[in-house]
Amino acid sequence: MTKHLTVAIVILSLISFAAPIFAQPDTAYIKDNKDMLTVRVYGMYEAINLEISPVSNGPELIYRPNSPQHIGLAGFYKWFGLGLAIQTPIPASDKDIYGSSSSVDLRINTYGSWINAELAYANYKGFYLENSPQIVKNFKNGDPYLQRPDLDISSISGIFYLVPNHRRHSFRAAYIQNEYQRKSAGSLLIAPAFQINHLQAQSSLIPDEYANQHEIFEEDKLVRGRFNFVGIFAGYSYSLVFLKRFYVNLALLPGAFLQYYDYHTETEHYNRNKAYFLWTSRFAAGYNGKKWFAGLGGVSGFNNPVMPLNTSAYALGVEQFRLWIGTRINIKK
């Protein structure tokens, strides 16, 4: 994973150095604050889940982490941004029932004029089976849920937003606030993207009790594997400005992707390729003042990347929601 992260950072940097050379924004639509240091603190809710959908008559298996919310700090200057979120000291709920999880979230952003790039690394360890009452025989209220402290999921993802109407529509104003959108405007978005996922456990993610009840083939009993995706989104983003300093942004992005996965069961090794369509969306809303700003935003997938094995399909989903407050600091006084 370290090798993949290093390569992604190099690509991100090369693209970022090229980004500022294009035409400046239309000042009737966009005010530029990139020469100021933009800093924010934020709270983050990130719901990562792993869903296993057997073709047999058995119910889905849904794994989630029992991790507390995250708090983060981010800063942006000119084209570069860096943010790190860690778990809050507030404990997760009912560890005796759901177990405990650990997680980390690191994001690197580069926002030019016509191209905006985001690189993210997330790692979660320790999951519980959310629908244990439907899976475990004789399950009673208050019983511990089936737990997988050995399950470790890490993900590196990158997306590059090309904004043809960058002179009038600012992605920065909506998501990092080092620009200010004066008037409502929209733009076509073209967004190449990739994701590198790694799943690791010590035994099959399909419980033995479940496998004995339903017809589950050896090929479906995933223990560990790499699941990589690459493709392109093409959609539209629009920012509505009202009451001068308030805004709402919405971007809808359908796309086409290729995936490659290489995985192991307890006895065998498999690899496959597949093409598929994927929808994603992102939104933001807030107040962008002269010095202070605040807002909320999120990213959601309409359909998660599906990894079909034999009679089962694995889907890894990440839903993210953030609240932030920040300010801009003039560092050239």
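This is a predicted model: local features need pLDDT of at least 70, side-chain atom pairs count only at pLDDT 80 or more; totals for chains, interfaces and linings use all residues.
## Salt bridges at a glance

Let's start with the charged pairs. Searching the whole structure turns up 11 salt bridges. A few of them are worth a look one by one.

Take Lys 34 and Asp 32 to begin with. They form a salt bridge in which the closest N and O atoms sit 2.3 Å apart. Are these two partners buried or exposed? Lys 34 counts as buried, because its relative accessibility is 14% and the cut-off for buried is under 20%. Asp 32 has 34% relative accessibility, so Asp 32 counts as partly exposed.

## Two bridges across the sequence

Next up is Asp 105, which pairs with Arg 322 in a salt bridge; here the closest N and O atoms are 3.7 Å apart. How much relative accessible area does Asp 105 have? The value is 0%, so Asp 105 is buried. Arg 322 is buried too, with a relative accessible area of 11%.

Glu 118 and Arg 282 make another salt bridge, and their closest N and O atoms are 3.2 Å apart. Glu 118 is in strand 7 (residues 115-129) while Arg 282 is in strand 13 (residues 269-288), so this pair ties together parts of the chain 164 residues apart in sequence. Glu 118 has 16% relative accessibility, which means it counts as buried. Arg 282 is buried as well, with a relative accessible area of 7%.

Now back to Lys 34 and Asp 32. Which residues join them in one network? Arg 172 and Glu 179 do: salt bridges that share partners connect Asp 32, Lys 34, Arg 172 and Glu 179.

## The loop between strands 11 and 12

Now for some backbone. Leu 243 sits in the loop that runs between strand 11 (224-242) and strand 12 (246-264). Its phi is near 50°, which is a positive value in a residue other than glycine. Leu 243 is exposed, because its relative accessibility is 69% and exposed means over 50%.

Lys 244 is found in the loop between strand 11 and strand 12 as well. The phi of Lys 244 is positive too, near 70°, and this residue is again not a glycine. With 62% relative accessibility, Lys 244 counts as exposed.

Which residues form a negative surface patch? Asp 208, Glu 218, Glu 266 and Glu 268 do. One of them, Glu 218, lies in the loop between helix 5 (208-213) and strand 11. Glu 218 counts as partly exposed, at 30% relative accessibility.

## A look at Asp 94

Last stop: Asp 94, in the loop between strand 5 (80-87) and helix 2 (95-98). Its relative accessible area is 48%, so Asp 94 is partly exposed.

What does Asp 94 touch, leaving aside neighbours within four places in sequence? Asp 94 is in contact with Asn 66 and Gly 99. Asn 66 is 28 residues away from Asp 94 along the chain, and the C-alpha atoms of the two are separated by 8.7 Å.

How values were computed: Residues are numbered from 1 along each chain as its sequence is written. Side-chain values use heavy atoms; hydrogens and water are left out. A salt bridge is a side-chain nitrogen of Lys or Arg within 4 Å of a carboxyl oxygen of Asp or Glu. Buried means under 20% relative accessible area, exposed over 50%, partly exposed in between (1.4 Å probe, protein chains only). Helices (H or I, at least four residues) and strands (E, at least two) are DSSP runs, numbered from the N terminus. Patches are made of residues with over 30% relative accessible area and no salt bridge: like charges are joined within 9 Å, nonpolar side chains (Val, Leu, Ile, Met, Phe, Trp, Tyr) within 5 Å. Accessible areas come from the Shrake-Rupley method with a 1.4 Å probe; for residues, only the protein chains shown count as cover. Lys and Arg count as positive and Asp and Glu as negative; His and the chain ends are not counted. The place of a charge is taken as NZ of Lys, CZ of Arg, CG of Asp or CD of Glu. Contact means heavy atoms within 4.5 Å.
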